[in-house]
Amino acid sequence: MAELNDLPIRDSLKGRAPYGAPQLHVPVALNVNENTHEISESILVDIISRLAIALKAINRYPDREFTQLRLALAKYLGHDLNETQLWAANGSNEILQQIFMAFGGPGRKALSFSPTYSMYSLIASSTDTAYVEIQRPERFELSAGLVVEAIREHQPDITIICSPNNPTGTPVSLDVIEAAYAATSGVLVVDEAYAEFSLNDDSALSLLDGRERLLISRTMSKAFAFAGARVGYLASDAAVCDAMRLVRLPYHLSALTQAAAEAALAHSHEMLRTVEEIREQRDRLYVAFQDIGLDPYRSDANFILVGGLENPDQMWTALLERGILVRNVGIPQTLRITVGTEEETSAVISAITDLLSSK
Ligand SMILES: *Cc1c(COP(=O)(O)O)cnc(C)c1O
């Protein structure tokens with residue numbers, strides 16, 4: 001069998017590693033920030049019945065404009081948005097890829113603030129977009145001054161601010177977003193994959209009016225407990241959706257995806273029922289980590305980056321041996337732990353407490 005390097009692959013892809021959090025089957029999987037609560041039986045029944053209707057017409061291409069889904073997304077988000085301002089794709093990763101295809105590419109540059117979501121650099125490289133990451137200060141909090149200075153220096157075509165930030169959980173205040181937008185002539189992408197977990201009313205959706213270069217990326221993979229369905233979406237000026245139409249593949253959202261997402265959105269209140277409980281478990285986890293002498297970072301998301309671990313690799317392995325999978329994102333002395341159910345939180349707390357005291 002040939003190796004990757006034997007192929008006439010594009011120079012910019014040579015030596016690259018694919019995205020790949022381990023997909024292991026363990027009792028307590030807290031490594032990719034999913035909502036670990038299953039969807040309720042009654043909603044599942046409704047989703048299935050809508051899938052059945054979609055299947056009857058599966059010999060035909062789906063609605064290329066997914067108008068019903070965009071209407072449902074606009075209604076869910078509020079903020080007086082209408083369906084022309086909504087776009088959707090197979091996960092917000094595809095949204096980000098479409099943004100890079102439309103606004104990035106050869107000769108263009110993207111900017112973000114590390115540590116942040118690892119897909120930004122991967123999508124930049126697969127679209128041949130130059131990519132710059134500016135290091136966040138201690139505790140990973142972003143200030144308007146730091147962001148504006150980086151934008152002035154690098155003049156990016158795409159600036160991405162992840163809020164709350166993955167993998168640190170750090171919220172970003174709206175004055176930072178406003179200042180970043182004012183400083184750039186490119187597009188500003190605010191990745192709000194975890195927005196529903198924030199208690200603050202700090203979504204950049206409230207800034208959309210009059211800002212045609214502001215793009216807000218969202219997903220149904222996290223709070224909505226819908227990761228397997230692959231539905232991400234974008235809220236922006238309608239002109240940005242026109243840009244997306246230039247780069248998307250025809251009929252990119254399957255009829256089954258559209259039907260499932262519409263059904264889930266029809267039950268958004270019930271689908272988000274677990275968010276409050278996850279926030280409670282997040283706060284419980286934070287306090288527990290402090291109590292055992294660790295150093296958790298402030299988080300507005302459904303995960304906590306916990307510092308103060310002498311040997312995170314060893315802790316990662318020891319937890320896995322106990323059936324608990326977490327994430328080592330490569331930040332020294334830390335692990336990132338998704339907030340799960342009450343039982344899962346108890347399992348993590350007692351395992352880590354045990355492992356630290358038995359050293
Ligand atoms: C999980 C995550 C996403 C969501 O990806 P999907 O493709 O929608 O599943 C996007 N951005 C960040 C920062 C994430 O952590």
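**Exercise 1.** Which residues form a nonpolar patch on the surface, and how much accessible area do they have together?

*Solution.* First, a word on the model: it is predicted, so local features need pLDDT of at least 70 and side-chain atom pairs 80 or more, while totals for chains, interfaces and linings use all residues. Numbering runs from 1 along each chain as its sequence is written, and side-chain values use heavy atoms, leaving out hydrogens and water.

Now the patch: it's Leu55, Ile58 and Leu256, with about 250 Å² together. Patch members have over 30% relative accessible area and no salt bridge, and nonpolar side chains (Val, Leu, Ile, Met, Phe, Trp, Tyr) are joined within 5 Å. A salt bridge would be a side-chain nitrogen of Lys or Arg within 4 Å of a carboxyl oxygen of Asp or Glu. Areas come from the Shrake-Rupley method with a 1.4 Å probe, and for residues only the protein chains shown count as cover.

**Exercise 2.** Find out what holds the ligand's oxygen atoms.

*Solution.* Start with the residues around the ligand (a heavy atom within 4 Å): there are 14, and Ser92, Tyr194, Thr219, Ser221 and Lys222 come nearest. Polar side-chain atoms lie 2.6 Å from a ligand oxygen for Tyr194 and 3.2 Å for Lys222. Asn93 uses a polar backbone atom, 3.1 Å from a ligand oxygen. Finally, check the cover: alone, the ligand exposes 390 Å², and the protein buries 94% of that.

Conventions
Patches are made of residues with over 30% relative accessible area and no salt bridge: like charges are joined within 9 Å, nonpolar side chains (Val, Leu, Ile, Met, Phe, Trp, Tyr) within 5 Å. A polar contact is a pair of N or O atoms within 3.5 Å; within protein, one must be able to donate a hydrogen and the other to accept it, and residues adjacent in sequence count only if both atoms are side-chain atoms.
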